[in-house]
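Reader: I have a model open on my screen and would like to learn how to read it. Could you take me through a few features?

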Amino acid sequence: MKRQFTLLITFLLIFFIADVCLGTVYIKPHQIWDALFGIENPQTSKTVRYIITELRLPRAIMAVFTGAGLAIAGLLMQTLFRNPLAGPFVLGISSGAGLGVALVIMGATALGIGAISGIGIITASVVGSLVVLLLIILMSLRIKDTMGLLIVGLMVGSLSSAVVGILSYFSSSEELKRYVFWSLGSLGNINWDDLLIIGLLFIVALLLLLWIIKPLNALLLGESYALSLGINIKKTRWIIIIITSILAGSITAFAGPIAFIGLAVPHLARLILPTVNHKILIPTAILLGATLLLFCDIASQLPFSNYSLPINAVTSILGAPLIIWLIMRKRNLHF
């Protein structure tokens, strides 16, 4: 087990440095060191320092937060629903964020507001996520069955998508273009203030997560077994929903919807370390999710070229074949 964790940490560091180094302009590793610690070096110009500290370093850190956060959310959803195809957006949180952004971008002209700033889009995404979260929490008070809550989440997502479709039909090409760009996801529009917010929310989610590790292990054996151990199912379910909403909602707000990371990483974690113990699965998923998204970010930048790809497209291209391979390899997905 120590060997696997050592390898995962090593790969994470390698891909993190590579993500900062690679891009339109190649930056040498020692230049990163110079920029971070203010070391004077003729090879490290002010332009290079700016690229490192204001563009690539925030992007790489955001990739770590995003990959780790979506991996945790995916693992929690699969444990809660005991469904290998559950992902971090299964409760419709991503769809709610998308609906909020669509209302702001594609409804602004109709209301005579004009162009909406980036802060407005982020706010709309957060509000959309929170509205869906409140709806799910209210419904969870009436719906005692976990699978029923899963179906409600999927229906909320379908309803949000339908409203977005109607808005798209009546929107201008410029509004549609702006919404499509947001929906493709991006890690490149992040600054240090954004990272501070994401980091604080990530810490809050981790603290809540430490509180429910034992109940998570019990839930895998069924709610009846968990109840026999004295686990408060209702309280645990609420905490899982809140953690998932904090992580998925904040990440979607700042980076847009990013697919397949939350679905694929938990299965990879179980493949590398065959266990159901969340004390092992959670750190494994965090390291794998961060490393995988760093790799996707490197691929999306098309190093040494002037072009880049949407991060959501890259994660889908890599994630879909990965899930197919896992199904073909194991014949079925199980815990």
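Reader: At what angle do helix 12 and helix 13 pack, and how far apart are their axes?

Author: Two packed helices are described by the angle between their axes and the distance between the axes. Here, helix 12 (residues 261-272) and helix 13 (residues 278-300) pack at about 125°, with axes 9 Å apart. That makes helix 12 oblique to helix 13; angles under 35 degrees count as roughly parallel, over 145 as roughly antiparallel, 65 to 115 as roughly perpendicular and the rest as oblique. Axes are lines fitted to C-alpha atoms, for helices over the stretch in contact, and angles run from 0 to 180 degrees between N-to-C directions. Helices are DSSP runs (H or I, at least four residues) numbered from the N terminus. This is a predicted model, where local features need pLDDT of at least 70 and side-chain atom pairs count only at pLDDT 80 or more, while totals for chains, interfaces and linings use all residues. Residues are numbered from 1 along each chain as its sequence is written, and side-chain values use heavy atoms, with hydrogens and water left out.

Reader: Which residues of helix 12 and helix 13 make the contact?

Author: Contact means heavy atoms within 4.5 Å. Helix 12 brings Ile261, Val265, Leu268, Ala269, Arg270 and Ile272, while helix 13 brings Leu281, Thr284, Ala285, Leu288, Gly289, Leu292 and Leu293. By class, that is 10 nonpolar, two polar and one charged residues (Ala, Val, Leu, Ile, Met, Phe, Trp, Tyr, Cys and Pro count as nonpolar, Asp, Glu, Lys and Arg as charged, and the others, Gly among them, as polar).

Reader: How do helix 3 and helix 12 cross?

Author: Their axes come within 7 Å and cross at roughly 75°. That makes helix 3 roughly perpendicular to helix 12. The contact of helix 3 with helix 12 holds seven nonpolar, five polar and one charged residues.

Reader: And at what angle does helix 1 pack with helix 3?

Author: Helix 1 (residues 2-21) and helix 3 (residues 46-81) pack at about 145°, with axes 9 Å apart. Leu12, Phe16, Asp19, Val20 and Cys21 of helix 1 touch helix 3 at Ile52, Arg56, Leu57, Ala60, Ile61 and Val64.

Reader: What is phi of Phe260 and of Leu302?

Author: Most residues other than glycine have a negative phi, and most peptide bonds are trans. Phe260 has a positive phi, near 75°, and is found in the loop between helix 11 (233-255) and helix 12. Its relative accessible area is 28%, so Phe260 is partly exposed. Leu302 also has a positive phi, near 45°, in the loop between helix 13 and helix 14 (311-330). With a relative accessible area of 30%, Leu302 is partly exposed.

Definitions and conventions
Helices (H or I, at least four residues) and strands (E, at least two) are DSSP runs, numbered from the N terminus. Buried means under 20% relative accessible area, exposed over 50%, partly exposed in between (1.4 Å probe, protein chains only).
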